[in-house]
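The following exercises concern a two-part reading of one structure. Please work through each task before turning to its solution.

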Amino acid sequence: MMNEPGLKDIWVYLSASPLLGLTITLVAYGLAYRLYLKTNSNPLANPVVTSVAMLIILLLATGTSYSDYFEGGQFVHFLLGPATVALAVPLYQQFSRLRQLWLPVTISLFCGVVIAAGSSIGLARLLGGSMEIQMSLAPKSATAPVAMGISEKIGGLPSLTAVLVVITGITGAVLGTKLFEWIRVRDDTAKGIAMGVAAHGIGTARAFQVSSQMGAFSGLAMALSAFATALLVPWLVDLLASWLPA
Amino acid sequence: MQFLNGITLLLVYQLVGEITVRLLGLPIPGPVLGMVMLFITLMIRGRTPESVDQASSALLSHLSLLFVPAGVGMMAHFGRIADEWVPITLALLLSTVITMVATALIMQVTTRWFTKPLAENGKHDE
C-alpha cells in the first residue's frame, strides 16, 4: 500500500517526460538489430519492422498515446533532416563513378521517380482510394522529411505519408534482392539505383549489406530521387489531375 | 569535437536550406536544398572535411533507426488504414515492386547502351 502511490507518481512523471519515448525507441531498435544479426541478416527480420511492432505493442499495452510517445520519439525523428543533408557526402564521394554513368542514372532516376508516383496514384485511384490517400501515397518512395513536405503541398496527410514511407521502405528492403534475382539483374550499380529510388533509406541500409557498391549507389539514388521527387511529383500531380477525372 | 563540428555544419546547412526555401517560396523541402548546397560546397572545396565525414557516416549508418518513430505513427492511423486498407496495401505493394523492377531494368539496359563504346575500347569494367 505504501509503495503504490510512489510507483504511480513515477509513471506519471515518466509518461509526461520525453525520456521514456526516446529510451524505448533506442532499446527497441537495439534489440531488433540484435535479432536481425542473429537471423544472419534475414530481410524478413528487418529491424524497422520488429522495433516498430515491439513499440506499438508496448504503447497499446500501457495505454500510452502516440503523441505522448512522440514527445521522446521526435528527437530521433528530427535527425532525418540532417541525415538528408548528410547524403551530400556519399553523393560527392561517388561523383567520379556517377559522372561516367550520368546518362543511364539520369534516365533511370527520372523514369523511376515518375513510375513510383504515377503508379501509386493510379493504382490507389483504380482501387477506389480517396484523394487524400492517393496524395499521401504519391511521394512514398522518397525519404521521410521530403515525402512529408511534398505530401503537405499536394493535399495529402504528412503523418500518414510518414507511415507509408516506412512501409514502402520495408517492402523494398524485404523483397528487393529476391526481385532482382527473378528479373536477372545482377549488376550492383543497377540494383543499388533501383533500391534507392524505390525504397529510400531503409532500402539503402539493406543494400549496404549486399555490397558497399550497391549501398553507395542506393544512397546516391536516394539523394538524387529526393531532389527529383520534390521537383517532379507536384508537377506530375497537376498533369494527372488535368488528364484523369477525379 | 570533430563530430560536434560536423553535426553543427549539417544543421547549419539544413537551417539555411529551410530559410531559403521559405524566403524564395521554392517548391523543394529545406533539407534537400541543404543537401544540394553542401554538395556544391564539397565540389568547390574538393574534399570532405573529417568532421563532416564523421557526422554523416554516423547518421547514415543508422538510417533505419531514424524511421522508427514515424513507423510507430501507424498506431495513430489504424482507423484510416483499416477503412481504406485495400487501395493502401495493394497500391503500395504493387507500386513499390513495379518501381523497383522497372528502375533496375531501365538502368541495366541504358548502362549497356551508353557504355558500349567504352567496352569496345576495352575500358569496360566488369
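Domain bounds, as used below, come from an automatic or database domain assignment. The model is a predicted one.

**Exercise 1.** State how chain B is divided into domains, and how far apart the C-alpha centres of these domains lie.

*Solution.* Chain B is divided into domain 1, residues 1-66, and domain 2, residues 73-126. Between the C-alpha centres of domain 1 and domain 2 of chain B there are 26 Å.

**Exercise 2.** Describe the side of chain B that touches chain A by its residues and by their class.

*Solution.* Begin with the totals: the contact takes 66 residues from chain B and 94 residues from chain A. Next, consider the helices: H7(B) gives the largest share of the chain B side, 25 residues. Finally, sort by class: this side has 48 nonpolar, 15 polar and 3 charged residues.

**Exercise 3.** Examine the UniProt feature "transmembrane region" in chain B.

*Solution.* The unreviewed UniProt entry places this feature at residues 27-46, 58-79 and 85-107 of chain B. Residues 58-79 of chain B are 68% helix and 0% strand, with end C-alpha atoms 36 Å apart. For residues 85-107 of chain B, the span is 100% helix, and the end C-alpha atoms lie 32 Å apart.

**Exercise 4.** Determine how the buried residues are arranged around H2(A).

*Solution.* The buried residues of H2(A) include Leu20(A), Ile24(A), Ala28(A) and Tyr36(A).

Key:
Residues are numbered from 1 along each chain as its sequence is written. Chains are lettered from A and ligands numbered from 1 in the order in which they are written. This is a predicted model: local features need pLDDT of at least 70, side-chain atom pairs count only at pLDDT 80 or more; totals for chains, interfaces and linings use all residues. Two residues are in contact if their C-beta atoms, placed from the backbone, lie within 7 Å. Helices (H or I, at least four residues) and strands (E, at least two) are DSSP runs, numbered from the N terminus. Ala, Val, Leu, Ile, Met, Phe, Trp, Tyr, Cys and Pro count as nonpolar, Asp, Glu, Lys and Arg as charged, and the others, Gly among them, as polar. UniProt positions are given in the numbering used here, feature names are shortened, and annotations may be inferred rather than shown by experiment. A residue is buried if 20 or more other C-beta atoms lie within 10 Å of its own, exposed if 12 or fewer, and partly exposed in between; C-beta atoms are placed from the backbone.
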